[in-house]
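Visitor: I've got a model open and want a quick tour. Can you walk me through it?
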Amino acid sequence: MELTQQMLDIPIEHMSNVFGKFDAWLKQIEKYLQVTMVVRDGSLKIMGNDNNVQKAQSVMSDLLAMSRKGNDITEQTVTYALEMCGCTKNHPLLEADSEIICHTVQGKPVKPKTLGQKDYVDQIRDKMIVFGIGPAGTGKTYLAMAMAITAFKNEEVSRIILTRPAIEAGEKLGFLPGDLQSKIDPYLRPLYDALYQIMGAESFLKNQEKGLIEVAPLAYMRGRTLDNAFIILDEAQNTTPAQMKMFLTRIGFGSKVVVTGDASQKDLAPGTKSGLDVAMRVLQKVDDIAFCKLTSQDVVRHPLVQKIVKAYDEYENAQLKKERAARSGKKESRGKRNDH
């Protein structure tokens, strides 16, 4: 195999960000792409087989461009860049990082970090109803919340309504103390957390008192018509088909809806159909409704979360294959008995 080498100039002010602490990102790239990288006098020498060297150079160029735009390079950034380096799209990292939705109260920009997330945000902007479906950590709720707050601040909608089914996650919590609001608040806590981070507690409470922002369980939506609102239904995999139909028929004029869910984390009673699964089959061909499916590649939490999601996906797929093989084996044995 013929070895080749390439040189890349890395400005000294970007080295620590692009190379990582103790050259952690360089080591990660070297291991993944089977190349050797040496830093000398502000230049990076990349050595290995031609194809891998080209990929490594492309990844390092993208990381440098991200650093020049003021981004902190994280392990998730490097992992995503490596996973996408063989794809057909040029510079997927830069394409995903092309826009800022809003800023948190601490001034941190909220923006898509993967191509899947960018597609999700684009669909929310273009369509009236968007289903964001994917595993934990893909930013489904957080990005929808950022889009809702941006639309509210730009006066594109007059209020924000956030809802989720108040269903226990496989645990019996017993009788919670306090009034009705304090009983349902634990179920809605993830929505409050995102609101506080993006909008700030003071601004949120002020708008909530005015009735401009509402956080409520799904049961409260029955019998209402929701005009000129940005509505987010979270944890939609825990709805029944009747609840999902009820929710989707609440939508009025000037409203935008985002439905988020993870089909692999249902807390419904055994044998109960998920409203999200049914909606995906029923509404697939309806105009102005988009289904955006995020994958483990779009996980933006700790990289270990991405590995956990992948491991569970592989395990569940293997179990499905075993079940199908067992079913087909039973059918064959029945057929043989019938022949006799």
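This is a predicted model: local features need pLDDT of at least 70, side-chain atom pairs count only at pLDDT 80 or more; totals for chains, interfaces and linings use all residues.
Guide: Start with a salt bridge: the side chains of Lys69 and Asp97 meet at 3.0 Å, N to O. The term means a side-chain nitrogen of Lys or Arg within 4 Å of a carboxyl oxygen of Asp or Glu.

Visitor: How many salt bridges does the rule count?
Guide: The count is 10. Another one joins the side chains of Lys111 and Asp97, at 2.9 Å, N to O.

Visitor: Switching to domains. Which bounds are assigned?
Guide: Domain 1 is 4-97 and domain 2 is 110-298. The bounds come from an automatic or database domain assignment. The centres, taken over C-alpha atoms, are separated by 37 Å.

Visitor: How many residues of each are in contact?
Guide: 10 residues of domain 1 are in contact with eight residues of domain 2. Contact means heavy atoms within 4.5 Å.

Visitor: And what area do the two domains bury?
Guide: About 830 Å², with 54% of it on carbon and sulfur atoms. That is the accessible area (1.4 Å probe) that the two parts lose on being put together, summed over both. In domain 1, Gln76, Tyr80 and Ala96 lose the most area to domain 2, together 50% of what that side buries.

Visitor: How many salt bridges cross that interface?
Guide: The rule finds one between domain 1 and domain 2.

Visitor: Which helices supply the domain 1 side?
Guide: Helix 4 (75-84) and helix 5 (92-96) each supply at least two residues of the side touching domain 2. Helix 4 gives the largest share, four residues.

Visitor: OK, rings. How many aromatic pairs?
Guide: Four by this rule. Rings of Phe, Tyr and Trp (its six-membered ring) pair if their centres lie within 6.5 Å; planes under 30 degrees apart count as stacked, over 60 as edge-to-face, the rest as tilted. Phe131 and Phe291 are stacked, 4.6 Å centre to centre with 15° between the planes. Phe131 is in strand 6 (residues 129-133) and Phe291 in strand 11 (residues 289-293), 160 residues apart.

Visitor: Last one: where is Val278?
Guide: In helix 11 (residues 275-282). Leaving aside neighbours within four places in sequence, Val278 is in contact with Pro241 and Lys273.

Definitions and conventions: Residues are numbered from 1 along each chain as its sequence is written. Side-chain values use heavy atoms; hydrogens and water are left out.
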